[in-house]
Amino acid sequence: MRIGSDTSPQWNGEAMDIGIPSARFSLRNAYTRAFMHRRLWLNDPDTAILRKCEMTEEEKRIFALSVGLLDGMMINSDDMELVDSQGISLLKEAIMLKGGEPRVFLDGMNSVFATCTRKANYCNVTSFVNLTDTPRHSIKLKEMYENWSGVKPPVKEVELPPKSIWIAKSDSCDI
């Protein structure tokens, strides 16, 4: 089930969310609608963008890894001849994150999402993503994240630059 607007090779962080194609809003919809995945249907956050385009490497990384973390449908419509080795590596990393039971903790953080995955194919994960253009400081790693994922992060707080993703993997990670 498509769960939001189309993605696009632009982040469109400054535009209003009126349904225009946007990687940022497509991702936000994927996080806020993650609870429906495998309960009502399979979530389709739209295609990952891996080729050279207007998106920065970090924006492409956020999108691809988020799709993997949320275990949504992983679709790529890029002409693979236009995807460099960095894009191929990113796709492989995102696929390695799939296969678990993700849970998104909204915690009242506007466009900053905590996601924990357990029972994944390769490792359990705790992550934070900041979809905003503003840094987020001193985000606490709560006990409920560790209880869900089994991941014991090496830090107690996370600093998230604008448009960034932070990931901690379980000790038994095969990636």
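User: At what angle do helix α2 and helix α3 pack, and how far apart are their axes?

Analyst: Axes are lines fitted to C-alpha atoms, for helices over the stretch in contact, with angles from 0 to 180 degrees between N-to-C directions, and helices are DSSP runs (H or I, at least four residues) numbered from the N terminus. Here α2 (residues 57-69) and α3 (residues 85-96) pack at about 25 degrees, their axes being 8 Å apart. That makes α2 roughly parallel to α3, a label for angles under 35 degrees.

User: Which residues of α2 and α3 meet?

Analyst: Contact means heavy atoms within 4.5 Å. On the α2 side are Glu57, Lys60, Arg61, Ala64, Leu65 and Gly68, which meet Gln86, Leu90, Glu93 and Ala94 of α3.

User: How should I read a cavity, and what lines the largest cavity?

Analyst: On a 1 Å grid over the protein atoms alone, a cavity is a set of points where a 1.4 Å probe fits but cannot get out, and lining residues have an atom within 4 Å of a point. The structure holds 1 cavity of 30 Å³ or more, and the largest cavity has a volume of about 80 Å³, a volume being the space filled by probe spheres set on the points. Its lining includes Ile3, Leu27, His37, Asn43, Val67 and Pro102, and α1 (23-32) and α2 each supply at least two lining residues.

User: What should I keep in mind about the model?

Analyst: Residues are numbered from 1 along each chain as its sequence is written, and side-chain values use heavy atoms, leaving out hydrogens and water. In this predicted model local features need pLDDT of at least 70 and side-chain atom pairs count only at pLDDT 80 or more, whereas totals for chains, interfaces and linings use all residues.

How values were computed
Angles under 35 degrees count as roughly parallel, over 145 as roughly antiparallel, 65 to 115 as roughly perpendicular and the rest as oblique. On a 1 Å grid over the protein atoms alone, a cavity is a set of points where a 1.4 Å probe fits but cannot get out, and a pocket is an open set with protein on both sides within 12 Å along at least five of seven lines; lining residues have an atom within 4 Å of a point.
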